[in-house]
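Me: I would like to learn how to read this structure feature by feature. Where do we begin?
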Amino acid sequence: MMGEEFVPLSLTPLLIGICAAVACALPGNFLLLRRQALIGDAISHVVLPGIVVAFLFTGLIAAWPMMLGAAAAALVAVVLIELIRRLGRIEPGAAMGVVFTTMFAGGVLLLEQTDTSSVHLDVEHALYGNLESLIWLDAVGWQSLLDVDALRHLPPELPRMAFTLVGVLLFIGVFWRPLMISTFDESFARTLGVRTTMLGLALVVVSAIAAVAAFDAVGSIIVIAMFICPPAAARMMTNRLEGQVLWSVAFAIVSAIFGYVLAGYGPLWVGAADAVSAAGMIATVSGVLLAIAAVFGPCRHRAGSPAGV
Amino acid sequence: MLLDALLLQLGYNASLVAIGATLLGASAGITGTFLFLRKRALVSDAISHATLPGVGVAFLIMVAFGGDGRNLIGLLIGSAVSAGIGLWCLNWLTRNTRLAEDAAIGAVLSVFFGFGVVILTVIQSLGVGRQAGLEGFLLGSTAGMLWNDALIIAAGGAATLLVILLMRRPMTLVAFDPEYASARGISVSQIDMLMMALVMAVTVVGLKVVGLILIVALLIIPPVTARFWTERSDLVVVFAGIAGALAAFIGAALSASAPNLPTGPIIVLVSFALFALSLLFAPNRGVLAAVMRHVRFQRQVHLRQGLLALAQGQVIYEPLTLRLLRRHGLLRADGVATETGVARAAKALRDEHRWALVRADQSLEATAALYDGLREIETVLTDDQIRDLDRRIGTPREVLA
């Protein structure tokens, strides 16, 4: 698998998968601890209508309008959830369920109504992405990494995903202390002068950006696995936030690599001819990791519950 | 065209879909109510996504044994099994690890869905059977619905309704007060399990009609809609059933009346429309009712304060207060109080004094707690008590020079 075809066919999807997994897992840690894990669920469902509306407005499958549309949809969803929760005095889970199913249904309807047969935009693609198609045709081998001409024809998803990852890293790095304090003790953070509402919203926005960027590669539902599974598995390994974040990054990278390799080469090992969905496999591997951590992790029990139960 | 659809005049198949969807909507709404009251609405999201691998595996097994692979009952059994496994994982994660329920929901939902996608791609690459129908389970497809399929859906819907009818008492009790229920000798965990089994049944039956991503909407939106209209749990259940059935029926009819209107999304959108109408216009809990309540309260406060100001000879500048006083004929255009105005102002001031005495009196403590600056004192004290207070205040006296 390290042969000639590795660089053009596998290197870029692999890198994109890793970047997407890490970019989602980082904010996922905080969402998990703040009991907002399902925000990722809601955001990833509403990405679809956002992209469809952006397509209807611009009429082209271009990266930026779609990213903007999806981000706008995510914001609309967050605002709507909050509005319905307050106006209707409904519990947040139900409010979330109302909003994201409705927006998703709207997206599907719009997609069916418009003639998108000529362009590459369909529901299945939006749901489970197409990591395998992000190949780097101009590469001929490892030496292409130094070839400026070939580098210019990298799939645009790779730099975009890398930028997103850097942005997420910056956000987490710069706001590490306020994020940590407001996650564990919101009132204490407020007494220190942290604007917790703004910070919470910023966290949601950053998650939305990560989800939208990853959506392209892995589809809208598998993104949820990247938000939740690595942090959840990391939560079983340690009681310290720093440790948890590092563990989650490790789990994210491992699931991305193993998932991609298993999907691309696993079927060949058992004699089948075609690869299976890489995104689906990444989600599966992250689930397996979570299962292992949940059974063997040193910190898997709730604090205060008796050991060995 | 739409009218034809609503009256079941669009032919055999469309009518079949409409009737099946209506039954499904009713049972989903009713089942979802218990989930909603128990504050576990999103558990249904995990259950529905967890059906996907089951559908794929069931298809593979049926093909391996030389079958067609599209047998609906077989696929539904497969989806039920994998939804059950998903539910078990969810419960295990929340019970035995430190993960909160929302994280467990997200993990189960996404991992099972991802695994399901892997199996779907396996089926595609094997190229066996007629796999074209499997994508229909994602978003539902009613176009090719057969008599047998409709029968299964109708029977499933009817069965869940029957179970709920039999078990409604303990289920309501557990939904509202699990501790009290277990003190009464009801096994909360068994009732919870029954509730989840019902949700699973509705999900599995609904897969074909609305698809696994949107079935959640049928379980969540109607109960939330119904909650706006009543405070009684038995009525919430009935209303949710009606809302679900109505949305499903209108949605199915709409989708049959024009091309390119997929049934599942249309049903969800109709359901949301009902929800939005309820949110805005429901009596008491609706937004409009709340706004009207607020305006009425605001006017009462302004009128009262205006009268007190008149009685004490203070100048009123507040425009709303002035407008209200004029409209009620208490104040002339030049700012001088009319005769009724003077009378009512005097009454308001006297009431304030009466209240002040009530609040100073230990023996009237319970009454004093009702004071909010607006309540008429006649509504809380008897004539005798008021006369007694007036004696303590005394009659108007002359002004000493």
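Reply: Begin with contact: two residues are in contact if their C-beta atoms, placed from the backbone, lie within 7 Å. Residues are numbered from 1 along each chain as its sequence is written, while chains are lettered from A and ligands numbered from 1 in the order in which they are written. This is a predicted model, where local features need pLDDT of at least 70, side-chain atom pairs count only at pLDDT 80 or more, and totals for chains, interfaces and linings use all residues.

Me: Which residues does A:Cys229 touch, leaving out those up to four places away in sequence?
Reply: From chain A, they are A:Ser286, A:Gly287, A:Leu289 and A:Leu290. From chain B, they are B:Ala107, B:Ser110 and B:Val111.

Me: Is A:Cys229 buried or exposed?
Reply: Count the neighbours. A residue is buried if 20 or more other C-beta atoms lie within 10 Å of its own, exposed if 12 or fewer, and partly exposed in between, with C-beta atoms placed from the backbone. A:Cys229 has 35 C-beta neighbours inside 10 Å, so it counts as buried.

Me: Where does A:Cys229 sit?
Reply: Elements first: helices (H or I, at least four residues) and strands (E, at least two) are DSSP runs, numbered from the N terminus. A:Cys229 belongs to helix 11 (residues 222–235) of chain A.

Me: How many residues does each chain give to the contact between them?
Reply: Chain A gives 56 residues and chain B gives 47 residues. On the chain B side, the elements that give two or more residues are helix 6 (101–126), helix 7 (136–139), helix 11 (215–227) and helix 13 (263–281) of chain B. Helix 6 of chain B gives the most, with 16 residues.

Me: What is the make-up of chain A in helices and strands?
Reply: Chain A has 13 helices and 0 strands. Of its 309 residues, 50% are buried. Among its contacts with a separation of 6 or more, 73% join residues 24 or more positions apart.

Me: How do I check the length of a helix?
Reply: The expected span is 1.5 Å times one less than the number of residues. Helix 7 (residues 157–174) of chain A has 18 residues and should span 26 Å; its end C-alpha atoms are 25 Å apart, which agrees. Helix 10 of chain A has 23 residues and should span 33 Å; its end C-alpha atoms are 31 Å apart, which agrees.

Me: Which residues of helix 7 of chain A are buried?
Reply: An α-helix has 3.6 residues a turn, so residues three or four places apart point the same way. In helix 7 of chain A, A:Glu157, A:Met161, A:Thr164, A:Leu165, A:Val168 and A:Phe171 are buried. Seen down the axis, they fall within an arc of 125° (taken from the directions from the helix axis to the C-beta atoms), so they line one face of the helix. The face turned away from that buried side carries the exposed A:Val166, A:Leu170, A:Gly173 and A:Val174. The cover over the buried residues includes helix 1 (6–33) and helix 10 (196–218) of chain A.

Me: Which non-glycine residue has a positive phi of about 60°?
Reply: B:Lys39 does. B:Lys39 is in the loop between helix 2 (12–37) and helix 3 (43–49) of chain B.
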